[in-house]
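Welcome, and please open the structure in your viewer. We will go through it one selection at a time.

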Amino acid sequence: MTQTDRAFSLRRGAPSPLETERRELLQELSRTRVLTNQAYSSFNQASDHDLIESYVYEINALQARYNYLLRRIKQLEAGR
């Protein structure tokens with residue numbers, strides 16, 4: 001648990017909208033990481049050219065999403 005996480009766990013009551021958004025973004029970041037790993041695994045096992053191409057597009061899209069989520073989390077944390 002990071003210092004920031006501890007600070008939020010010490011608060012009483014409902015989390016702030018920013019903290020709620022941050023938690024949702026972190027969960028989505030984790031899901032995106034899992035999906036990216038699955039896409040890489042499928043890519044490594046594929047032999048059909050069209051299927052390989054579809055995994056390349058999927059991986060690129062997931063990496064773009066991951067970068068967006070990471071950037072958004074950093075913006076939230078910088079705004080505190």
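Begin by selecting Tyr-55, Ile-59, Leu-62, Leu-69, Ile-73 and Leu-76: these are buried residues of helix 3. Keep in mind that you are looking at a predicted model. The buried residues of helix 3 pack against helix 2, residues 17-45.

**The whole chain**

Now zoom out. The protein chain holds 3 helices and 0 strands, in the order α-α-α from the N terminus. Of its 80 residues, 20% count as buried. The chain exposes about 6,100 Å², with carbon and sulfur atoms supplying 52% of that area.

**Along the helices**

Select residues 49-78 to see helix 3 from end to end. Its 30 residues should span 44 Å at 1.5 Å a residue, and the end C-alpha atoms are 43 Å apart, which agrees. At the start of this helix, look for Asp-48: one of its side-chain oxygens comes to within 3.1 Å of the backbone nitrogen of Asp-50.

Next, select helix 2. It has 29 residues and reaches 42 Å from its first C-alpha to its last. Its buried residues include Glu-19, Arg-22, Leu-25, Glu-28 and Leu-29.

**The nonpolar core**

Which residues make up the largest nonpolar core? Select Leu-25, Leu-29, Leu-69, Ile-73 and Leu-76, 5 residues in all. Helix 2 and helix 3 each give two or more residues to this core, and the largest share, 3 residues, comes from helix 3. Stay on Leu-76 and show its neighbours: beyond four places away in sequence, Leu-76 touches Leu-18, Glu-21, Arg-22 and Leu-25.

**The salt bridges**

Side chains of opposite charge can pair when their charged atoms come close. A search of the whole structure finds 6 salt bridges. Here are some to visit.

- Select Glu-21 and Arg-72, whose closest N and O atoms are 3.1 Å apart in a salt bridge. This pair links distant parts of the chain, with Glu-21 in helix 2 and Arg-72 in helix 3, 51 residues apart. Glu-21 counts as partly exposed because its relative accessibility is 26%.
- Select Arg-23 and Glu-19, which meet in a salt bridge at 2.8 Å, N to O. Both lie in helix 2, 4 residues apart, about one turn of the helix. Is Glu-19 buried or exposed? At 2% relative accessibility, Glu-19 counts as buried, while Arg-23, at 40%, counts as partly exposed.
- Select Glu-28 and Arg-31, where the side chains meet in a salt bridge at 2.5 Å, N to O.

To finish, select Glu-19, Arg-22, Arg-23 and Glu-77 together: a network of salt bridges links them.

Note on methods. Residues numbered from 1 in each chain as written. Predicted model: local features only at pLDDT ≥ 70, side-chain atom pairs only at ≥ 80, totals over all residues. Heavy atoms only, no water. Expected span 1.5 Å × (residues − 1). Buried < 20%, exposed > 50% of the residue type's maximum accessible area, 1.4 Å probe, protein only. Contact = heavy atoms within 4.5 Å. Polar contact = N/O pair within 3.5 Å; in protein donor to acceptor, adjacent residues only side chain to side chain. Areas by Shrake-Rupley, 256 points an atom, 1.4 Å probe, with all protein chains shown as cover. Core = buried A, V, L, I, M, F, W, Y, C linked by side-chain atoms within 4.5 Å. Salt bridge = Lys/Arg side-chain N within 4 Å of Asp/Glu carboxyl O.
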